[in-house]
Amino acid sequence: MNKIIAIWGNPNSGKTALSIKLAIELSRQKKNVILIHSDYITPAISTVLPLKDTKDQSLGNLLSSVQITQDEILKKCMTLDKNDYLSIMGYLHGENERTYAKYGKENIVDFFILLKHLADHIIIDCCSMVTQDILSRTALELSDQVIRLITPDLKAISYFDSILPLVAERKFNLQNHVKVLSNVKPDMPKDVVSNKFGGISKELVYTEELERQFYEGRLFEHLMEKKSAAYLNMIEELIAGIIGEDESMQQKTTKGSLLKGLWKRGGKDHE
Ligand SMILES: Nc1ncnc2c1ncn2[C@@H]1O[C@H](COP(=O)(O)OP(=O)(O)OP(=O)(O)O)[C@@H](O)[C@H]1O
Ligand SMILES: [Mg+2]
């Protein structure tokens, strides 16, 4: 089972949207999921959960603490009403590198190790600029699976031609990435991009419903419209590929909510 799944791709390719949709679907299958939005330039929480009362659940403060503990991680997790299986973390509205102390790769490695004990799956919504963000870069290096989103346009080609040489070291395992064309609209130069990169057999189509959800800060809601079926089918295909269908069936009904149990045991108020 792949535990840490990094979603990476060119800017605006749909990384945040896909991360959320994967996290929701896995949590619906009663997997404990922690979703981490790593964008520190445009903190995601206020755009994807605009009404959330975030208190002091800052990812920046957590990552820069002297010692990261499971309890501290749980305090920083945000939850949704009616979903005990999904926890969300990210930088908060107004946060920037001056509002929290600097942190290094060791902290991120510790963070990942602790996360692995807390959840079935950790989904990391990476920054496109992996070279400038230690969290995203370490996620590319240490995750069990990277899903690489590629918009079928010339900007995506320009982005990857520029950045791939910077993550060419073996530790980044580029050849194991699952490459997916994303936000695909009719008339886009799909073939040009597919031929350029090779090995792309999956496609996340553009759906109006998702775009509306994005604008209205409702990405955590389900896609209900018929026209979203192709996008949802690809989510299922990615999950089957990531988890393995048999394993997914076996584990479906065996576990309760790990996070809920931990919170209860600690008697903590994390809501
Ligand atoms: N499959 C899709 N259907 C419709 N709209 C999409 C789809 N995928 C992405 N988008 C749209 O593309 C835009 C960017 O989406 P999103 O923020 O998820 O991308 P991102 O890769 O996380 O961006 P960034 O590089 O800023 O982090 C949004 O307007 C979103 O609605
Ligand atoms: Mg994003």
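1. The residues of the shell around ligand 1 fall into three groups, with seven of them nonpolar, eight polar and three charged. The structure is a predicted model, and the values below should be read with that in mind.

2. In total, 18 residues surround ligand 1, and the closest ones are N12, K15, T16, V205 and T207. Two helices, α1 (15-28) and α9 (208-215), each supply at least two residues of this shell.

3. The side chain of K15 has an N or O atom 2.7 Å from an oxygen atom of ligand 1, while at S13 it is a backbone N or O atom that lies 3.0 Å from an oxygen atom of the ligand. On V205, a backbone N or O atom is found 2.8 Å from a nitrogen atom of ligand 1. Taken alone, ligand 1 exposes 620 Å², and the protein buries 87% of that area.

4. Which pocket does the space taken by ligand 1 correspond to? That space is the largest pocket.

5. Turning to the aromatic side chains, a search of the whole structure finds eight aromatic pairs. One of them joins F160 and F197, whose ring centres are 5.5 Å apart and whose planes stand at 75°, so this pair counts as edge-to-face. Because F160 belongs to helix α7 (residues 154-163) and F197 to helix α8 (residues 190-197), the pair ties together parts that are 37 residues apart in sequence.

Technical notes. Residues numbered from 1 in each chain as written. Chains lettered and ligands numbered in written order. Predicted model: local features only at pLDDT ≥ 70, side-chain atom pairs only at ≥ 80, totals over all residues. Heavy atoms only, no water. Near = heavy atom within 4 Å. Polar contact = N/O pair within 3.5 Å; in protein donor to acceptor, adjacent residues only side chain to side chain. Areas by Shrake-Rupley, 256 points an atom, 1.4 Å probe, with all protein chains shown as cover. 1 Å grid on protein atoms, 1.4 Å probe; cavity = no way out; pocket = protein on both sides within 12 Å on 5 of 7 lines; lining within 4 Å. Sits in = over half its atoms within 2 Å of the grid points. Helix = DSSP H or I, 4+ residues; strand = E, 2+ residues; numbered from the N terminus. Nonpolar A, V, L, I, M, F, W, Y, C, P; charged D, E, K, R; others polar. Phe/Tyr/Trp six-rings, centres within 6.5 Å; stacked < 30°, edge-to-face > 60°.
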